[in-house]
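Open the model in your viewer and keep the selection tool at hand. We will go from stop to stop, picking a few residues each time.

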Amino acid sequence: MNCSMSGEVPEEPVVSKKSGLLFEKRLIERHVSDYGKCPITGEPLTMDDIVPIQTGKIVKPRPVQAASIPGMLGMFQIEWDGLMLSNFALEQQLHTARQELSHALYQHDAACRVIARLKKERDEARSLLAQSERQIPMSMSTATAVNASALSNGKRAAEDEELGPNGKKLRPGISASIITELTDCNAALSQQRKKRQIPTSLAPIDAVERYTQLSSYPLHKTNKPGILSADIYYSKDIIATGGVDANAVLFDRQSGQILSTLSGHSKKVTSVKFVTQDDLFLTASADKTVRVWQGSDNENYNCRHILKDHTAEVQAVTVHATNNYFVTASLDNTWCFYDLSSGLCLTQVADASGSEGYTSAAFHPDGLILGTGTSEALVKIWDVKSQANVARFDGHVGAVTAISFSENGYFLATAAHDGVKLWDLRKLRNFRTFTPYDSNTATNSVEFDHSGNYLAIAGSDIRVYQVANVKSEWNCIKTFPDLSGTGKATCVKFGPDAKYLAVGSMDRNLRIFGLPGDDGPMES
């Protein structure tokens with residue numbers, strides 16, 4: 001007898017009292033619980049109407065397929081196919097699970113990196129906040145001690161500045177006593193220069209040829225990488241850098257440690273300069289301001305003056321040989337001559353013959369000549385005493401990005417998009433041109449070493465030339481690749497006696513090139 005629903009021999013047979021039909025117990029129970037009626041007749045049916053039937057234990061007959069060898073082989077084939085399909089599905093699930101696990105691990109690693117960076121930036125922000133909180137009361141006390149009508153917390157009071165008939169600020173000008181001071185300094189330095197000998201401690205050419213990268217230090221922030229300017233305090237071997245992150249960093253090369261991070265500018269720091277007395281430091285920025293920083297006994301620097309005389313980005317700052325005055329150059333087509341101790345702008349010079357802004361500036365070693373580079377590829381030479389433009393050099397292509405006077409006082413090197421030009425200041429002419437890079441690569445920096453024996457150029461790489469005279473060839477003695485990967489070395493400086501080179505690039509690292517084994521840590 002077979003089940004009326006499945007047509008199979010029931011394992012637990014039951015019969016309906018109403019219809020007398022035979023069912024498999026588990027099937028009829030499920031149907032009654034779902035529908036409440038007989039599946040065959042459609043009459044109302046409950047479990048009370050189901051009567052179980054007692055039967056003896058029987059052995060299930062073999063299915064038809066198992067009655068012969070071919071049938072059994074067919075069954076085995078079907079089972080094998082099912083097993084393989086199940087195994088394939090499991091392998092697919094395993095592969096998918098592995099992919100999901102790998103993706104989850106990658107996301108976890110990325111999240112850990114972001115958390116670490118955020119924690120570092122949080123700690124930096126906390127330290128800067130604590131530093132600024134320490135500076136506020138110091139600045140307030142300084143402002144009380146200084147003439148309140150002229151200075152107030154590093155800022156000159158705008159309401160006390162007199163305006164001329166054309167609406168421009170009136171400047172006191174460079175007085176006769178200052179001109180006498182500049183002239184005396186010029187005479188003394190010129191006399192010393194005539195007796196100048198090449199220092200015996202200067203790095204020889206064969207040593208420079210063996211220079212290699214000694215170390216790399218990440219000084220600036222990762223979210224705004226880029227070092228735009230650098231300077232070296234030779235007596236203390238301290239390197240300063242100005243970055244796109246609006247900070248200036250003071251770095252001790254010997255210990256490999258950051259001494260101080262100077263924050264306050266709101267935009268990138270375009271130029272930095274040490275003053276070799278009174279522990280002063282200057283920064284210029286694209287936020288149109290210049291800051292004068294004063295060092296303290298605990299190696300921190302506090303902002304002493306904030307100078308707001310320019311109306312556009314300040315591109316360069318250069319210190320006079322007396323260490324009492326400095327000049328700033330801006331894209332507003334003016335340069336300013338300042339008294340360092342008071343932060344007072346003595347004169348602001350504009351060139352009425354052009355509208356181009358200044359992109360670089362440097363004092364002649366003797367201090368009576370100022371060189372400026374413009375955004376329109378001109379090099380202008382100024383007499384500091386009269387503030388007159390006494391010479392102009394043209395021939396460059398693109399903005400003049402850097403200017404450097406040789407220590408002998410005869411040569412001027414200028415860098416622009418088309419390369420580097422060397423000028424003879426005695427005859428006011430260009431006597432040599434270097435075009436180290438292609439037309440799409442600008443030369444960002446040029447620098448004579450302090451002895452005047454080497455010249456460094458920075459662009460897509462860094463090159464060092466041996467300085468010769470006007471008629472002799474200037475040989476390239478060493479080329480360093482730009483290891484930053486950006487293809488833009490932005491600044492280069494010689495260390496004391498050319499014992500090393502400090503190079504800044506458009507990543508956040510300061511790189512030191514020199515002889516392995518020299519003083520200073522080998523790795524950051």
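Select Phe 480 and Phe 513. Both are buried, meaning under 20% relative accessible area; over 50% is exposed and the range in between is partly exposed (1.4 Å probe, protein chains only). The model is predicted, so local features need pLDDT of at least 70 and side-chain atom pairs pLDDT 80 or more, while totals for chains, interfaces and linings use all residues. Residues are numbered from 1 along each chain as its sequence is written, and side-chain values use heavy atoms, with hydrogens and water left out.

Stay with these two rings. A pair of aromatic rings is described by the distance of the centres and the angle of the planes. Phe 480 and Phe 513 form a tilted pair, 4.7 Å centre to centre with 45° between the planes. Rings of Phe, Tyr and Trp (its six-membered ring) pair if their centres lie within 6.5 Å; planes under 30 degrees apart are stacked, over 60 edge-to-face, and the rest tilted. Phe 480 lies in strand E28 and Phe 513 in strand E31 (residues 509-514), so the pair ties together parts 33 residues apart in sequence. Strands (E, at least two residues) and helices (H or I, at least four) are DSSP runs, numbered from the N terminus.

How many aromatic pairs does the count come to? The count is 16. Select Trp 335 and Trp 382 next. Their ring centres are 5.6 Å apart and their planes stand at 70°, so this pair is edge-to-face. Trp 335 sits in strand E15 (residues 334-339) and Trp 382 in strand E19 (residues 379-383), 47 residues apart. Both Trp 335 and Trp 382 are buried. For a cluster linked by ring pairs, pick Tyr 233, Phe 274, Phe 281 and Tyr 301.

Now the cores. A nonpolar core is a set of buried Ala, Val, Leu, Ile, Met, Phe, Trp, Tyr and Cys residues joined through side-chain atoms within 4.5 Å. The largest has 20 residues. Select Tyr 454, Ile 462, Val 464 and Leu 501: they have the most contacts inside it. Among the elements that give it two or more residues are helix H4 (205-209) and strand E30 (500-505). Another core, of 18 residues, lies apart from it and includes Trp 335, Tyr 358, Leu 370 and Trp 382.

Next, select the open sheet of 4 strands. Its order is E17-E18-E19-E20, with antiparallel pairing. Two strands pair if DSSP finds at least two bridges between them. Strands E17 (358-363) and E20 (388-393) are the edges, each pairing on one side only. E17 and strand E18 (residues 369-374) pair over 5 bridges. Phe 363 has Leu 370 in E18 as its bridge partner.

Move to strand E23 (residues 419-424). Is it mostly covered or uncovered? It is covered: 6 of its 6 residues are buried. E23 pairs with strand E22 (residues 411-416) in the antiparallel sense over 6 bridges. A hairpin of 2 residues joins E22 to E23. On to strand E24 (residues 429-434), which pairs with E23 over 5 bridges. In the hairpin of E23 and E24, Leu 428 takes a positive phi near 55°.

Last stop: the cysteines. Cys 345 is buried, at 1% relative accessibility. Cys 185 is buried too, with a relative accessible area of 14%.
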